[in-house]
Amino acid sequence: MAMINQNEREILQLLTQEDDFCFVCHEAPDGDALGSLLALTGLLQQMGKQAVAVCMDTVPYVYQILPDVEKIQRPDVLAARHLITVDCADEERIACPAAWLSQADWVINIDHHGSNRGFGTYNWIDAGSAATGELIYLLGKQLYADFTPQIAQNLLAAISTDTGHFSQINTTARSFAIAAELVKEGAQVAQ
């Protein structure tokens, strides 16, 4: 379950070397968008990075139970030099002002939708993943991050919701393996 290609290595290097990040998900956010957004923000903050989670849309009531959801901001200006989108199939659906894409020094696009055309400066698109949360988990492993119970809970929510709670055809053995690891790290299945 490792990241292997050159583009993914470049993304890993940027996340390691840089310090100033703004993370954003898609409009009308679902569990994968929010869980991935919060988990990736938490992972980078844990590394001592300046990391801000942004979503211009209101978090749906059902997801307000997610750990750290209150940290999601709605600023009018780009809060960092580097923009990272999670679970955004196309740039028209990003839950931030469109101008941010050109204002950022670079854009990293992390997504699992096969329709994603690669709008970022750097793109990690894996249509074989059931959820973007799986990709964030793999990224966290490559960063040697500690998966706190909060980060694990957000990733489990991401994967669980995008697989129809592990009942849809996109559910893979990797989905179950990652979910098992997240439960070991403190994620609560009942939540």
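This is a predicted model: local features need pLDDT of at least 70, side-chain atom pairs count only at pLDDT 80 or more; totals for chains, interfaces and linings use all residues.

Reader: Over how many bridges do β1 and β2 pair, and is the sense parallel or antiparallel?

Author: At least two bridges are needed for a pair. Strand β1 covers residues 20–24, and its pairing with β2 is parallel, over five bridges.

Reader: Which residue in β2 is the bridge partner of F21?

Author: Strand β2 spans residues 50–54, and four of its five residues are buried. F21 is itself buried. Its bridge partner in β2 is A51.

Reader: And what handedness does the β-α-β unit have?

Author: The unit is made of β1, helix α2 (residues 31–46) and β2. Its handedness is right-handed.

Reader: On to the rings: are F21 and F23 stacked or edge-to-face?

Author: There are five aromatic pairs in the structure. For F21 and F23, the ring centres sit 6.0 Å apart with the planes at 25°. Planes under 30 degrees apart count as stacked, so this pair is stacked.

Reader: Which residues form one aromatic cluster with F21 and F23?

Author: Both F21 and F23 are buried. The cluster they belong to also takes in W106 and Y122.

Reader: How many residues apart in sequence are the parts that Y137 and F147 tie together?

Author: Their ring centres are 5.1 Å apart and the planes at 35°, so the pair is tilted. Y137 is in helix α4 (residues 132–142), while F147 is in the loop between α4 and α5 (149–162). The pair therefore ties together parts whose separation in sequence is ten residues.

Notes:
Residues are numbered from 1 along each chain as its sequence is written. Side-chain values use heavy atoms; hydrogens and water are left out. Rings of Phe, Tyr and Trp (its six-membered ring) pair if their centres lie within 6.5 Å; planes under 30 degrees apart count as stacked, over 60 as edge-to-face and the rest as tilted. Buried means under 20% relative accessible area, exposed over 50%, partly exposed in between (1.4 Å probe, protein chains only). Helices (H or I, at least four residues) and strands (E, at least two) are DSSP runs, numbered from the N terminus. A crossover is right-handed if, with the strands pointing away from the viewer, the path from the first strand over the helix to the second runs clockwise.
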